[in-house]
Amino acid sequence: MKTRRDFLKSTVLGAGALSLTPYFNAFGAAPAASGFPKRFVFIRKSNGERPLEVALPTFSAKDKALDEKKQPLEVDLRGHELPVWLRALDKHKANLGILQGLSCMMSENGHYSYSSIMGAYKSNRNSLSGIKRATIDFELAKLFPSPFGHVELSLTGDYSKYRTGIVSGYSASGPHQRNYCYADPQTAFNELFRAVTNPGAVDSDNAMLSFLENDESFKERILQGYEKQKLSSHITSIEAIQARNLKLSKMAGSIARHIPKLGKIHADGGLNASSPEKQDAMTDILIAALITGLTNVVTYTIDELSTPVRGLPGNEADRISIHAIGHNESYGGVPADKIRENIRIGHMQQVARIVERLKAEPEGKGTMFDNTMIMYFPEGGETHHGHGTEAPFVILAGNNCKLNLAGRYIRLPFHATEGHKTIGNWYTTLLNAHGNPIKHYGDLDLEMARKKLDQAGAIRQFIA
Amino acid sequence: MILRIPYIFFACVFAAGHAFGAASPAERFRVGEKVVPLLDNYCVSCHEEGTTKGEVRLDNLESLSLDARLDLLNRVQEQLHIGEMPPKKKKQPTEAERNLLAEWVAKELRAHGASKLEDKLRMPEYGNVVDHEKLFSGKYVGLPGFTPDRRWLISEFIFEAKFNQLLDFVGQRNIDGKRQQVIGDNNRNGINLTNPFLLPTHSGVRYYDTAMLDGGHLLTMITNAKEVSAFMIARAKKVKTYVPAIEALMAAEWAHEKILADRESYLTANIESLLRELFKEKNEGLLPVFVATKREPLQNAIGPDGKVLKNSVFAIAASNMPREDMAQIYSAIQKNSLNGDKDDALILKCEKDWFYFGVNERAIQSRVKFMRGYMEGLLKAMPKSEPGRAPKAPAESEMAIIRAAILKHRKAGDRYNSILEKCMADWTGEFRQERLKAGGPGDVATGNLVEQLFTKLIERAPTSQEKTEYAALTKSYLQKLGTEKTIEKLIQTLILRTDFVYRQEFGEGTADVHGRKMLPPRAASYALAYALTDSSPDKELAAAAASGKLNTREDYRREVERMLKNRSQHYVIDEAVERIGLNDSFTNLPIRKLRFFREFFGYPGLLPIFKDNKRFGGNYTDASARLVSEADMLVAHILEQDKNIFEKLLTTEEFFVCHTGDNAAMTTATALIRKIYDYFKDKDWKSFDAEKLKVHIPFLKENPMPGLNLDAIGKVGGRSDQVKIFQGMMTDYTLRLGNRTTVTAPFSSVFGVPSPAKTRTGRDMRGSEAAKSFNLDMANWNYPATQPAKMENRKGILTHPAWLIAFAGNTATDPIRRGKWVREKLLAGTIPDVPVTVDAVIPEDHHKTLRQRLEAKTQDEYCWKCHERMNPLGVTFEMYDDFGRFRTEESLEHPDNLVKKMPDKGSPQADLRDIYKTLPVDAKGHLAGTGDPKLDGDLKDVIDLAGRLAKSTKVRQSIIRHAFRYFMGRNEVISDSKTLMDADQAYVQSGGSFDAVIVSLLTSDSFIYRKAATN
């Protein structure tokens, strides 16, 4: 006998609308074939990332010339110093890949990228209809389901203060679907670890769902045919969410073991918390969300142009505007370039903490980091007013990650030349390497198209 | 040829234990003797080993697993139903034979509950499967029309309108200088909702009753429900009439909160004096020891070149400070500068205050640093207004409580905020206890809550059973959650009910002889309201439903006609159009009337198409939204006239280009440019300095040049140098009017200078390069201020650049999609899906036109049987490029064909396109399928096609069919024949009124009657 679920699977009904089912399918707990899921952390930063600042200071003269001329280049990181701001990753060079030369012209939107950079399209000033497809993080989340499916964190603001609570995010679960994100550590903490911090709220959710299930089931019994299917679908959805809540409740023990301690400074949105404190707390939450298995994919907007930077080492008492330093304004006697570097140093300290914490967490015969990839990249290309011809990626990948780029500085052919790769190629590579055979993810680059240069598909050299 | 298998009977074996699996010899089926020769005669010769046309074999059914066999039979059933098989050129079965075959396939599929056809036929893409000639033959007008009883998932538009109404959010626009409320502005402040009910993005009818709520929808709605419930409670606190029952339940808690807030506010303002009063000479000794923050020397940064780098100016730095900090700084300066203290002494006093108040140390540090760096700016920017009035002293009984609490809680070394917190915690606890003692809300209060929340959220009163159930639920929540959380949970529960997210359309009352029942008045009022708008019934409609005036066809007619005439409500058409190019996008037509044509033609599909500025030869991004906005204006303009709507839409030669729809404003603005140009053109304006320009101030006062500030002439340099602005504008005017042009478009081509005319909502006019898509030379275009105006080489909306771009790719035209659109939307035709085995890519060859490459790819018989329905129509559009520009030569864009590289940047008047070799465009095609021999035949181009389509009865009827689907939310079936024919006749007899079509459809049996579904 067919269950309600089987029945719904076998019908084409519902296909008339944009179905959110694929997104919903990211909420599960099916482990990957290897037994351990792959994990992905996307860290978005604002204000561009200038390619020369990512270059290795110990390049040979020849490599330096190639790099500056944007010529293809590959250098083993062993025996090289990292730029000052990347030094927190010194211990992890074997897992580090510096990827230069990817372009993101198809996602350039001026100061802000919104969903564009992770969807490889133009988001048209953040209009909903500009969201063309699920962003890469959601695509990966579908491949590695988890109880939360996907978690988005952000530290953004309105120049004078940080946003708090649950607010609009930058990722997209599908076309025209803007995700939400946790905008301050306390909110993220409360929402993610609710099974431990507020089991009463989970209970009351379940009581509500149970009431609705009974109520709709009663209506379903008196219907026939097509209308019965609609109610069945509604009830099935309620049941699925109940099952997910149950799963979360069962994870309470594991969550309790790994739940981070959050300082009082973060209460009520953390009005007085400094930027480093906020970043530290978000990192703790991010790590705990991964270790507990609540999610396998996190997108973290570590800053955007309107994030108010406070308590930055060297500028402790200054209220820094990232936008203003993008226009070269200095603060407290510190030049804008130095502030930019200090901000990046802070970011890398967070990345290093994630790596080190996951390396300390056993998983199978190795550690959790073995199955993790962290990507740190600019939302808007190479400068404050990005052109999109370059978007440097700093990548950390564990030993089981199916990509061959760790331990190297790689510069790909420059934009709109033979062999050039876009973020679309990069995301296609991620998807192909992890089980989604998509031919090409994202919009194509129009200058490449105009020049009739081949640009579809994965970056073969990276697929291990 | 003999069908081999049936004579030995199919020995397909059925699944044991589950529906789809391996075959079992226990269950057998056989092909009936009458069916065998039919398969043999009409099918197997093409579908057997060696001749597996379409990758289909029918001679090996016995070896297929059950699921494979059922899959195959589903394909057979679909082909039989839509009449695709046998192919037209082959021998055809009689109607009786076809029916016999169809019945056999259906029976076999039904036995396993595996038929997909019935479900598929509900889908929009199968709308045309019902035979057009049958529908309009008149043979079936006797069949009783009805729509099955149904729930209809709300659309993305209804979702927004519903929540806007629920949350009292009213969008506004300043339209023609008047503040207007608009529906469709969804930029709600203070609440973050995600719309899960998105419609598909294809052209045509998008909103069907087939959609079902799934887990993703529900999960999103749970999050939305939580947001909304908190918002509603806050709203109820603010607005007493919002949901009075919430106020009643929360009254005690809110009264306590008010007392607490008053005490807090009074204490914050007066704690210093209160402490002095209460502790007298001991007070100083109880204060904490003040330690000033360390003062680092202030310095400017030094750049790599040794030069001093700039710090942020005051205004920028102040905008980076939290508002609360700025307010505190101003307030502290005001208080502490009274006795003449300045600079460091003043800052120290302020700091001390903040220290005692317990302001966070970092906040103090940054305030102090800011004051040290920007004292001059601060003093200049001090708010002029008097400081706010100090909170009134509470009554003596309250003062006694406050004093007692301070005396109880103050400890040595406490900062003020610490004392305050302890007092507040104490009082909060006392109040909580007091409420607990008073007991929870009684039955009346909970009953009122259920009733009012039902009315607010479900928009009807609860039934008595619902009242009982929800009262019990409320009590169960109260036991665990407390009052506020209980209310929140109840709101969430109601939002997640099916009747919140589904429209309910079930017939009621006595069934007629056909088993049909009319919609009850309330459901009818919603059906009518949602047919024309996205909102719940307006007052008149709701009143009609409540007073028994929505029971007859005439009642429906009265209300529909009333709503169609209404022009008092404005709607945002498309928020994306507003955002991308900062264009206007509003209408006061009933929104769903305009939206039908918008979606039917699908020209908003332009918006997500990413196109290359270089290939456009200018700024395409801003132009793109203008093109959609002006296509909307054109459709609205034609609809407003309500005469020969379809014909005009298909053949109009008049368009809006770079226009706001306000002819008077455009005339005034263009005349102004002309006047200024004429006044200065013969003067030596290029060598003007400030003094020379000032001579002309009297003229410029009368005829203000956009962007020019007469008071600032000679006073400001750099970007704001008024002489430079003037000369920039004159250069622009000269470029545009220095030819033979007499009138130029009211745009500004100078960066940062506003346009001489504003849009109807008062924005700058942008996206002037939309004109390029109409082949207009912006440096030499006699701008028609009165529009719509005739444009060369255009005929109808299908030649509007917005439509042409929407049906093009990123870098090339798309004759297949264009032809498919015409075939399906205008000629009621069907085109099968692209077979999975087909590589649907046109090969690259930069020595050929796209048409030549397309023909090479699709000419073989297998491809052509489908492509012949699309290509001969689609290629006629080749007279336009993928930006909608008319052309006689096709540019072979490939680096090998580059003739001249053009600059990458230039003024909007410049054409920045690189020049490539070209080949002549061939836009000839062929029209078949109108059913009218006078119209069918070879086509010269799309202008020829548009003219013929507009004359076709079938085209008219095809649009009527789509209108039916749009307003009914489903595909037509044969019993809707009368409804369709009536609507068609209403159009014809009214002289082409679309309002007449709407009235006819919404008063038809198909709309009024419902019938219960059966198994």
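These legends walk through a predicted model, view by view.

Residues are numbered from 1 along each chain as its sequence is written, while chains get letters from A and ligands get numbers from 1 in the order in which they are written. Because this is a predicted model, local features need pLDDT of at least 70 and side-chain atom pairs count only at pLDDT 80 or more, but totals for chains, interfaces and linings use all residues.

**View 1. Chain A as a whole.** Chain A has a radius of gyration of 23 Å, which agrees with the value near 23 Å for a compact globule of 464 residues (taken over C-alpha atoms; the globule rule is 2.2 Å times the number of residues to the power 0.38). Along the principal axes, the C-alpha atoms of chain A fill a box of roughly 80 × 55 × 45 Å.

**View 2. Inside chain A.** You'll find 16 helices and 14 strands in chain A (DSSP runs numbered from the N terminus: helices are H or I, at least four residues; strands are E, at least two). Of the 464 residues in chain A, 57% are buried, meaning that 20 or more other C-beta atoms, placed from the backbone, lie within 10 Å of the residue's own.

**View 3. Domains of chain A.** Domain 1 takes in 72–104 + 391–464, domain 2 covers 194–258 and domain 3 covers 303–334; these bounds come from an automatic or database domain assignment. The C-alpha centres of domain 1 and domain 2 of chain A sit 42 Å apart.

**View 4. Where chain B meets chain A.** Chain B puts 82 residues into the contact, and chain A puts in 77 residues (contact: C-beta atoms, placed from the backbone, within 7 Å). On the chain B side, helix α8 (residues 215–238) gives the largest share, eight residues.

Notes. Contact = placed C-beta atoms within 7 Å. Buried ≥ 20, exposed ≤ 12 C-beta atoms within 10 Å, placed from the backbone.
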